[in-house]
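Please look over the following protein model before reading the notes on its fold, surface and selected residues.

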Amino acid sequence: MKEILENLWSEYFAEKCAVIETAEERAAIKKTDELHKKAKELLTQEQNITLNKYVEALYDSQGLFVKKAFFKGCEFAVSFLFSGKA
């Protein structure tokens, strides 16, 4: 089952969920971009490199937890459906 979820995640959901569709999503991306540009202006090159590595580590951590939540949600849905209580 894990392989099926991996394929579903990597081939469908990750691609579909990465599409920016709403005004709220566009505003969040715009704010992130503006703050990144401001930080880049204020920090030294070494500080920028360190900050970028930190942000990448946050993205990696967040990605792992989002994927884990997706897998757990799918597993719960399947077990709930097959428990006969649906």
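This is a predicted model: local features need pLDDT of at least 70, side-chain atom pairs count only at pLDDT 80 or more; totals for chains, interfaces and linings use all residues.

Residues are numbered from 1 along each chain as its sequence is written, and side-chain values use heavy atoms, with hydrogens and water left out. The protein contains 3 helices and 0 strands, where helices (H or I, at least four residues) and strands (E, at least two) are DSSP runs numbered from the N terminus.

**Overall build**

- Along the sequence the pattern reads α-α-α.
- The protein is more spread out than a compact globule, because its radius of gyration is 18 Å, well over the 12 Å that the globule rule gives for 86 residues.
- That radius is taken over C-alpha atoms, and the globule rule is 2.2 Å times the number of residues to the power 0.38.
- Taken along the principal axes, the C-alpha atoms fill a box of roughly 60 × 30 × 20 Å.

**Surface and charges**

- Of the 86 residues, 8% are buried (buried means under 20% relative accessible area, exposed over 50%, partly exposed in between, with a 1.4 Å probe and protein chains only).
- The accessible surface comes to about 7,600 Å², and carbon and sulfur atoms account for 61% of this area (Shrake-Rupley method with a 1.4 Å probe; for residues, only the protein chains shown count as cover).
- There are 13 positive and 14 negative side chains, and the centres of the two sets lie 4 Å apart.
- For this tally Lys and Arg count as positive and Asp and Glu as negative, with His and the chain ends not counted; each charge is placed at NZ of Lys, CZ of Arg, CG of Asp or CD of Glu.

- Asn 48 sits in helix α3 (residues 45–82) and counts as buried, at 11% relative accessibility.
- The Asn 48 side chain reaches the backbone oxygen of Lys 40 at 3.2 Å.
- Leaving aside residues up to four places away in sequence, Asn 48 touches Ala 39, Lys 40 and Leu 43 (contact means heavy atoms within 4.5 Å).
- Phe 76 is also placed in helix α3, but it counts as exposed, at 56% relative accessibility.
- Phe 76 and Asn 48 are 28 residues apart along the chain, and their C-alpha atoms are separated by 42 Å.

**Ala 18**

- Ala 18 lies in the loop between α1 (2–17) and α2 (23–42).
- Ala 18 is exposed, its relative accessible area being 56%.
- The C-alpha atoms of Ala 18 and Leu 35 are separated by 21 Å, with the two residues 17 apart along the chain.

Definitions and conventions. A polar contact is a pair of N or O atoms within 3.5 Å; within protein, one must be able to donate a hydrogen and the other to accept it, and residues adjacent in sequence count only if both atoms are side-chain atoms.
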